[in-house]
Amino acid sequence: MLHFKKVYRFVSSMKAGLILLGLIGLVAAIGTAIRPQTFYHTTPFKILLVLLFINMGFCTFEQIYKFVKVLRKTKTPNRNRFWSKQFSLLILHFGIVLILIGGIVNAYSGQSAPVKVLEGETIAITDIISAKQAFALKVNQFTIDFYADGSPSQYISDITIIDEVKLENFSVSVNHPLNYRGIKAYQQSYGYMVDVINYDGENESHMLLDEGQIIGFQNTRRLVKFFKYIPNYDARYGMQTKTLRPDNPKIIYSVYEDEQLLGIGAADIAESIQIDEDVFLNFTSLVPYTVLLIKSDPGLLWAGIGSIMLMVGVSWFWYFTSRGKSRRKNKINGGTTDDIV
């Protein structure tokens, strides 16, 4: 029984809570650097959350016990002030517990996955994450707004929600995610693919390439690699773009033969490039795509309620603590004070 009490005191102590908070902070810092998208769903993080939840659960139980003791002591001096302070601590602890419940629910049941979507393409949400009700998103257009200096001011994906019940248009931008049927879509990033036509003397073919992909031909051993798209090319900047605004767009490509690099070039959009005798290549146009982060946060409501309770509890505790100090100061200076009602 004595050992059980010692274990209980440690598990419910502030010391244990601070140790767990420190571990969570350390592990989170390392985990988000290594696996930013999936770390919060890993087993070590889940275990630490559950342990902290147990610690805060016991701490909350202790606060309930103290609160009941205060209520029973009807003749305690300044009873109302003690009651208020203890009640504020109780709200604070309940808020933390609810936040942890929300975090645990998200860690075990929440889902998150990035998806690359071309203009005009439609994606089914159930192909990306689990959803109670199936619906689809169609990206009608992706645009980038720029400041005068060429830096981006906003990324906007014009989306149509395709549901059995209705169609609805929505603009997803940075800090303005889509929220539909408990599923959120955040504007995470973007990129470009290039539409290519290659002609090898007899045949002409079209293909859509992403950065790093290689183009092969029938009548030559040479290969072309689509290395990089640079929106505003300036030779002084090397492979880095001068600005993200497409003031001088170039396609950087490299030519190989039998795995030997023959050269690197910078082509304009729609410029015809000769790769070999009767073999030509044309980067006809750029096709923008948006990268949306599709998420479900089933524990968000719990965490939101807990956050409100936490703020209320902290404010309440601070108010009565500071007011109590002020009243004690008045007493020292010869003033009078009454119990707080």
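The protein exposes about 20,100 Å² of surface, of which carbon and sulfur atoms supply 59%; such accessible areas come from the Shrake-Rupley method with a 1.4 Å probe, and for residues only the protein chains shown count as cover. The structure is a predicted model, in which local features need pLDDT of at least 70 and side-chain atom pairs count only at pLDDT 80 or more, while totals for chains, interfaces and linings use all residues. Residues are numbered from 1 along each chain as its sequence is written, and side-chain values use heavy atoms, with hydrogens and water left out.

The protein has five helices and 14 strands, where helices (H or I, at least four residues) and strands (E, at least two) are DSSP runs numbered from the N terminus. Of its 341 residues, 34% count as buried; here buried means under 20% relative accessible area, exposed means over 50%, and partly exposed lies in between, with a 1.4 Å probe and protein chains only. Among contacts between residues at least 6 apart in sequence, 53% join residues at least 24 apart, a contact being heavy atoms within 4.5 Å.

The interior can be approached through its nonpolar cores, each a set of buried Ala, Val, Leu, Ile, Met, Phe, Trp, Tyr and Cys residues joined through side-chain atoms within 4.5 Å. The largest of them has 18 residues, and those with the most contacts inside it are Ile125, Phe135, Leu137, Ile159, Leu178 and Ile294. At least two residues of this core come from each of β1 (111-118), β3 (136-146), β4, β6 (178-180), β7 (183-199) and β14 (279-296), and the largest share, three residues, is supplied by β1. Leaving aside residues up to four places away in sequence, Ile125 touches Ala131, Phe135, Leu137, Ile183 and Ile294. Apart from this core lies another, of 17 residues, which includes Val196, Ile215, Tyr229 and Ile273.

Strand β7 is joined by six bridges to strand β8 (residues 204-209), and the two run antiparallel, with Asn198 standing opposite Ser205 in β8. These strands form a hairpin with four residues between them, and Gly201 in the turn has a positive phi of about 100°.

The hairpin formed by β11 and β12 has two residues between its strands. Asp258 lies in the loop between them, and its phi is near 50°, a positive value in a residue other than glycine. With a relative accessible area of 52%, Asp258 is exposed.

Two further loop residues deserve a look. Asn175, found in the loop between β5 and β6, has a positive phi of about 70° although it is not a glycine, and at 72% relative accessibility Asn175 counts as exposed. Val165 sits in the loop between β4 (152-162) and β5 (167-173), and with a relative accessible area of 68% Val165 is exposed. The C-alpha atoms of Val165 and Phe135, residues 30 apart along the chain, are separated by 9.7 Å.

Asn106, which lies in helix α4 (residues 79-109), is buried, with a relative accessible area of 19%. Not counting residues up to four places away in sequence, Asn106 touches His41, Asp297, Pro298, Gly299 and Leu300. Phe58, by contrast, has its place in helix α3 (residues 43-72) and counts as partly exposed at 31% relative accessibility. Together with Ile47, Leu51 and Ile54, Phe58 makes a nonpolar surface patch of about 310 Å². Patches are made of residues with over 30% relative accessible area and no salt bridge, with like charges joined within 9 Å and nonpolar side chains (Val, Leu, Ile, Met, Phe, Trp, Tyr) within 5 Å; a salt bridge is a side-chain nitrogen of Lys or Arg within 4 Å of a carboxyl oxygen of Asp or Glu.

Definitions and conventions. Pairing = 2+ DSSP bridges.
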